[in-house]
Amino acid sequence: MSRRGENIYKRKDGRWEGRLRNPDTLTGTGRYRSVYGKSYKEVKEKMLLFKQEQRRKTDNYTLQEAAMLWMESRKNYWKPGTYAAYEQLLIKYIIPYFGEISIEQINNQKMEQFISEINGTEHFLSQNYLFQICGVVRRILLYMNKTYDSAVTIPNNPVEKWHTQPKIMPLDKSMNRLEQYLLDNCQDDTCLGILIAFHTGIRIGELSALMWKDINMEEEIIYIRRNLIRVKEKNATQVITQDPKTLDSCRVIPIPPKLVPVLRKYQKEDSLYVVSGTKYLWAEPRTIQYRFKSILKKCDIEYFNFHMLRHAFATRCVEMGLDIKSLSEILGHSNIQMTLNLYVHPTMQQKKELMSRYDALFS
């Protein structure tokens with residue numbers, strides 16, 4: 001048995017063997033290698049010398065080489081959309097600037113220069129996006145230190161994360177007008193799909209992937225099993241269907257009683273998508289977003305993003321006294337705090353009521 005954390009064993013032939021991660025994985029010579037000796041001490045000394053040499057090698061890796069290792073290590077854990085998003089950041093911003101620079105040369109000054117370079121007059125990137133880009137550089141360096149025993153200094157993130165302002169919720173009269181329009185036009189599957197999102201808070205990608213077989217009218221429940229997204233791969237994009245955002249996003253949602261007769265009336269074959277496309281059986285998220293924008297215009301409602309339906313749904317549930325734990329599960333969140341932080345916002349009516357109560361104290 002090896003001593004804890006050392007990975008040194010005594011073999012049956014009497015020799016000692018130590019296993020180490022191979023720094024030459026970029027050249028395809030294998031992920032691990034072994035060193036041998038007549039004693040435990042001899043093997044440990046060989047391993048220390050090997051790690052020192054390994055550290056010298058990995059510290060000279062360019063950021064592009066390190067990024068390749070990092071991306072490869074995460075490929076089996078990330079969803080295709082997540083992998084494509086990080087790949088795009090690397091190709092568009094990080095590699096063109098840092099690609100040929102060794103990881104040991106990346107310091108605070110280099111990071112500051114990097115931000116000035118990519119945030120010039122050409123890009124106009126948001127503060128949070130810049131924070132994310134710099135965070136990727138730091139994650140690559142942290143990965144090299146942890147996995148390959150590199151000894152590079154991790155620079156600070158030169159960008160502070162900007163805490164977004166609370167979103168302004170659509171007025172109640174606008175939401176009522178929208179709901180009535182959707183109810184009056186449910187023969188249009190886009191209106192029916194948006195009405196489902198209106199009363200359940202599902203994401204637009206989940207609506208795109210929703211099929212009639214996912215709606216159980218006997219039990220009056222909706223199964224959220226898939227998410228449809230468009231990802232960018234090199235110079236092209238493609239639409240893919242994947243598992244929902246997190247494990248908690250795979251969920252069962254009770255159908256609100258108001259929706260039950262509507263869904264029964266317009267129910268279609270199990271093999272069909274709830275919202276259909278013109279070119280394919282399904283409508284991708286940006287198509288639904290375009291259609292949603294058109295509906296708002298017909299209703300004479302000031303434009304707001306489709307995702308605001310999710311915010312509005314969560315806020316209405318809180319107003320009605322629904323417990324946060326149940327709401328969190330309906331929305332597919334991993335914890336209650338996420339629900340509170342992201343989706344529960346006071347409405348203008350609530351604020352007016354608060355001010356009225358305050359005023360009454362002095363009347």
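How many helices and strands does the chain have? It has 14 helices and eight strands, going by DSSP runs numbered from the N terminus, with helices being H or I of at least four residues and strands being E of at least two.

Quick housekeeping before we go on. This is a predicted model, so local features need pLDDT of at least 70 and side-chain atom pairs count only at pLDDT 80 or more, while totals for chains, interfaces and linings use all residues. Residues are numbered from 1 along each chain as its sequence is written, and side-chain values use heavy atoms, with hydrogens and water left out.

Okay, the inside. Of the 363 residues in the chain, 41% are buried, and buried here is under 20% relative accessible area, exposed is over 50%, and partly exposed is in between, using a 1.4 Å probe and protein chains only. In soluble globular proteins, nonpolar side chains tend to be buried together. The largest nonpolar core here has 46 residues; by that I mean a set of buried Ala, Val, Leu, Ile, Met, Phe, Trp, Tyr and Cys residues joined through side-chain atoms within 4.5 Å. Leu178, Ile196, Ile215, Leu263, Phe304 and Leu309 touch the most other members. Several elements each supply at least two residues, including α6 (172-184), β5 (221-224) and α11 (308-319). The biggest giver is α7, with seven residues.

Take leucine 178. Setting aside neighbours within four places in sequence, its contacts (heavy atoms within 4.5 Å) include Phe198, Phe292, Cys299 and Leu309. There's also a second, separate core of 35 residues, with Trp78, Phe98, Ile101 and Val137 among them.

Now, the cysteines. There are zero disulfides in the structure, a disulfide being a pair of cysteine sulfur atoms within 2.5 Å. Cysteine 299 is buried at 7% relative accessibility, and cysteine 317 is buried at 5%.

Last stop, the start of the chain. Strands β1 (residues 8-10) and β2 (residues 16-21) run antiparallel, joined by three bridges; we call two strands paired if DSSP finds at least two bridges between them. Tyrosine 9 sits opposite glutamate 17 in β2. Their hairpin has five residues between the strands, and glycine 14 takes a positive phi near 95°. Then β2 pairs with β3 (residues 32-37), antiparallel again, over six bridges. In that pairing, arginine 21 has tyrosine 32 in β3 as its bridge partner.
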